[in-house]
Amino acid sequence: MDLLIFQVPILMVQASMDGILLGILFALIAYGMALQWGVMNIINIAQGDLVILGGYIAYFMYLYGIHPAWGVIVSPIIMYFVGIGIYKLVINKVVDRDLFISILATFGISILFMQLMNFAFGADVVLANSGYGTTMLFDNSVVLPNSKIFAAIISIIFAIGLVVYMKKSKLGRAIRATAQNARAAKILGVDTEKVYAATFGINAALCGVAGALISITFTIHPYMGLPYTIRSFMIVIVAGLGNLPGVAISGMGLGVFEEFADYILGTEFRIGSVFLLLVLILVYRRFKLSKKREYLK
Amino acid sequence: MKIKNFIITFVSAIALILSTSSISFAKVVGDKIILGAAVSLTGKYSSNGVHTQNGYNMAVDRINSMGGIKVGGKTYKFDIIYYDDESNPKRAAQLAERLISQDGVEFMLGPYSSGLTKAMAPVTEKYGVPMVEANGASRSLFTKGYKYLFAVLAPANLYLDVAIRTAVELNGGKGVKIAQAFEQDAFSQDVRLGILDAAKETGSEIIIDDKLPKELNDMAATLAKVKATKPDVLVVSGHTKGALTAIRQIAEMKVDVPMLAMTHCDAAKLSKQHGKNSQYALCASQWHKTLTYKDKWFKDGMTYDADFTKMFGYAPPYQAAESSAALLVFKDAFERANSFDQKKVRDALAATDMQTFYGNIKFAPGGQNVSKPMVLFQVICDNSGKCENKVVAPLKWASAKLIHPIPKWSER
């Protein structure tokens with residue numbers, strides 16, 4: 001138990017800001033996962049590996065002298081096609097099967113991606129330097145790296161863009177229709193196969209954006225994908241399926257909660273406390289649902 | 001077509017049997033002493049695994065071309081059977097078993113990393129196979145009472161000990177305030193234990209003691225605490241990821257601390273990836289090319305550096321240098337034992353007391369090398385942004401004066 005944060009209250013502002021900025025970035029990854037889960041009923045274990053691959057795209061641009069921020073545009077375009085490729089090769093064979101099969105399949109993809117990235121890019125931890133400075137607030141007592149602010153802004157832009165696209169475009173409507181009832185959508189002339197492929201592609205593109213942002217703010221390594229998968233999974237669970245605004249709130253909430261846990265309980269309990277919160281939320285949900293008698297035992 | 005396939009399969013099977021038969025009764029074959037090694041050529045340790053292998057190969061080449069090993073009046077040459085352990089401890093243990101029971105290897109070289117060495121040591125111990133390892137520094141390797149394990153490197157708890165002692169010295173002998181962040185893995189936690197010991201002995205106080213989860217990519221909370229509490233020394237150890245994350249976020253958050261000490265700067269290519277932001281960081285290293293140790297085979301660190309660079313096209317990190325030293329230790333032990341009896345070689349290894357280009361080597365009863373101190377180098381950059389690692393402690397080998405305290409970010 002550490003009381004530093006109460007002795008130096010300005011740290012609460014720092015912790016909240018850090019948590020929110022981190023949470024927004026994670027929410028973007030979770031957003032893709034929620035979309036895909038809702039539409040295709042697939043939990044993508046390879047989500048984090050797609051993020052890392054997106055990060056490598058930005059990193060290689062940086063190596064060749066292009067500013068890594070351009071990765072935010074290039075990476076999703078490449079990743080969209082990578083996503084379509086994965087769908088055509090593997091996912092379309094498991095999309096109608098039960099959840100367990102899709103978890104196994106994407107777990108396999110995850111391992112394959114890790115090894116391939118390790119083989120192609122080497123086992124060194126790398127990062128791309130954006131050269132963005134620092135924003136100081138409250139007489140220099142709260143510091144926010146501009147790279148994290150940049151990451152949060154880009155994440156918000158993409159998230160809003162996606163919501164608008166889902167509402168207005170033809171494909172967006174088709175995706176929503178398929179999510180509601182795939183069979184009915186098919187009968188009414190929606191090419192669900194195409195919708196699935198596009199959904200997987202969009203998810204991969206979102207991962208690409210997030211990866212590019214992570215290469216600027218954190219570090220990239222072929223085996224670092226899994227924590228991103230787990231985190232986005234948790235965000236989606238807390239938000240509840242099909243609740244896209246909830247994803248943003250739960251992403252930020254978990255981010256802030258985690259930062260405070262770090263200050264108060266200690267860094268070693270940071271991840272553990274998030275899992276504890278997850279368990280509590282699930283138990284509470286079950287309790288609430290069983291009271292409403294909507295929950296079938 | 002079927003017959004053709006059959007013939008191809010048959011011929012390749014025969015070829016495979018012939019090619020492996022020479023090693024299937026290996027230990028000492030003709031004039032060759034065959035050593036076994038499992039190193040990480042793929043998987044997450046593959047970069048350092050390759051450094052390890054290159055270090056071994058360089059020493060084998062050198063020893064063989066300079067007359068080999070003389071045992072019982074006869075001259076022998078070294079040869080190594082390599083397997084790829086895929087950076088996986090289970091695989092490493094299997095391969096140790098295979099090297100010993102199938103390939104008949106009677107002497108082993110270590111893998112890369114503490115974790116893999118920990119997996120292999122029980123196997124080599126069971127069969128009484130002497131293993132000289134160069135890349136497993138975890139303290140727990142040397143407290144299990146292993147009799148056949150010898151490490152040419154200093155144990156992990158000594159990595160940053162010298163940094164704390166230097167800080168105390170600069171503080172006029174008075175204790176300092178230490179903030180530390182260590183990843184939760186065997187190696188980093190051993191480094192942490194070393195700091196705790198050093199703090200106790202010097203009367204220093206640990207004001208932040210963060211244990212970073214392995215999954216964590218973000219040290220913002222730790223660094224905000226550092227900003228608020230203003231320690232004299234910040235110590236960070238979390239492999240290459242930890243080193244890179246720390247430097248990035250210290251620069252971004254403009255954390256001013258008089259001394260920053262860390263591990264894995266070499267492996268993280270800090271100065272290349274971060275340039276001037278990495279300036280003034282103090283890094284623990286097992287070896288540096290400017291140290292003045294000498295031996296007959298590689299002469300000294302500078303010559304080793306030049307020869308290695310010529311052979312492999314990149315400058316040797318300390319992981320390569322210590323791996324080369326392992327072979328020198330084996331050669332010395334074989335000659336003193338004047339036998340290939342495993343027990344005799346083991347006793348000769350235990351009695352090792354020699355100087356190599358890499359440092360003095362003398363084993364404690366636990367198997368760790370106690371006569372070679374760690375060195376600290378500081379990243380120092382010139383105005384053009386080119387950075388170099390300069391040894392600053394211990395003073396005996398210092399090629400530059402320690403810059404202390406680190407200038408504030410606002411003054412840089």
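**Exercise 1.** How many residues does the contact take from chain A, and how many from chain B?

*Solution.* Keep in mind that this is a predicted model. Start with the totals: chain A gives 31 residues to the contact and chain B gives 30 residues. Next, look for the elements behind the side of chain A that touches chain B: helix H2 (10-40), strand E2 (142-145), helix H11 (244-265) and helix H12 (270-292) of chain A each supply at least two residues. H2(A) has the largest share of that side, with 5 residues.

**Exercise 2.** Work out how H2(A) and H11(A) are oriented to each other.

*Solution.* Begin with the axes, which come within 6 Å and cross at roughly 140 degrees. Angles over 145 degrees would count as roughly antiparallel. The two helices, H2(A) and H11(A), are therefore oblique to each other.

**Exercise 3.** Describe the build of chain A, from its elements to its overall dimensions.

*Solution.* First come the elements: chain A has 12 helices and 2 strands, in the order α-α-α-α-α-β-β-α-α-α-α-α-α-α from the N terminus on. Along the principal axes, its C-alpha atoms fill a box of roughly 60 × 60 × 35 Å. To finish, turn to the interior: buried residues make up 48% of the 297 residues in chain A.

Key
Residues are numbered from 1 along each chain as its sequence is written. Chains are lettered from A and ligands numbered from 1 in the order in which they are written. This is a predicted model: local features need pLDDT of at least 70, side-chain atom pairs count only at pLDDT 80 or more; totals for chains, interfaces and linings use all residues. Two residues are in contact if their C-beta atoms, placed from the backbone, lie within 7 Å. Helices (H or I, at least four residues) and strands (E, at least two) are DSSP runs, numbered from the N terminus. Axes are lines fitted to C-alpha atoms, for helices over the stretch in contact, and angles run from 0 to 180 degrees between N-to-C directions. Angles under 35 degrees count as roughly parallel, over 145 as roughly antiparallel, 65 to 115 as roughly perpendicular and the rest as oblique. A residue is buried if 20 or more other C-beta atoms lie within 10 Å of its own, exposed if 12 or fewer, and partly exposed in between; C-beta atoms are placed from the backbone.
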